[in-house]
Amino acid sequence: DVRRIMLVDGPAVLGWREWRALDEAASARHLAEALTLLMETGVIPERPVAPLTHLLSGAMNEAALWLADSAGPGDLADTMTALTRMLESLRA
């Protein structure tokens, strides 16, 4: 029930623009800050932060939606492995 409210019903009730604004103000902002710090410290190469933030945020949001409806016992572990590999590929 909580997953459905947070991932499906909430965004539908709020509307796309409001949900995106809330996401931008919270998780996307923190993700952008983390990416910026990783670039400043040389962990990942310098690149435009905004598109990278949107791409990663979209991938993680989609993974959360998929996992909310998934029934496979290994789906969470497989998703974490895939996400880890994707993030590690950003390294310098």
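Biologist: Ala, Val, Leu, Ile, Met, Phe, Trp, Tyr, Cys and Pro count as nonpolar, Asp, Glu, Lys and Arg as charged, and the others, Gly among them, as polar. How do the residues of the lining of the largest pocket divide?

Modeller: Ten are nonpolar, three polar and two charged. A pocket is an open set of points on a 1 Å grid over the protein atoms alone where a 1.4 Å probe fits, with protein on both sides within 12 Å along at least five of seven lines; lining residues have an atom within 4 Å of a point. This is a predicted model, where local features need pLDDT of at least 70 and side-chain atom pairs pLDDT 80 or more, while totals for chains, interfaces and linings use all residues. Numbering runs from 1 along each chain as its sequence is written, and side-chain values use heavy atoms, without hydrogens or water.

Biologist: What volume does the largest pocket have?

Modeller: About 330 Å³, as the space filled by probe spheres set on the points, which are joined across faces, edges and corners. Met 6, Leu 7, Pro 11, Trp 19 and Asp 23 are the closest to its centre, out of 15 lining residues.

Biologist: Which element gives the most to that lining?

Modeller: H1, with six residues. Helices are DSSP runs (H or I, at least four residues), numbered from the N terminus.

Biologist: Switching to H4. Which residues are buried there?

Modeller: Asp 75, Thr 79 and Leu 83; buried is under 20% relative accessible area and exposed over 50%, with a 1.4 Å probe and protein chains only.

Biologist: Why are they on the same side of H4?

Modeller: Because they cover an arc of only 65 degrees around the axis, taken from the directions from the helix axis to the C-beta atoms.

Biologist: What does the face turned away carry?

Modeller: Asp 78 and Arg 85, which are exposed.

Note on methods. Helix = DSSP H or I, 4+ residues; strand = E, 2+ residues; numbered from the N terminus.
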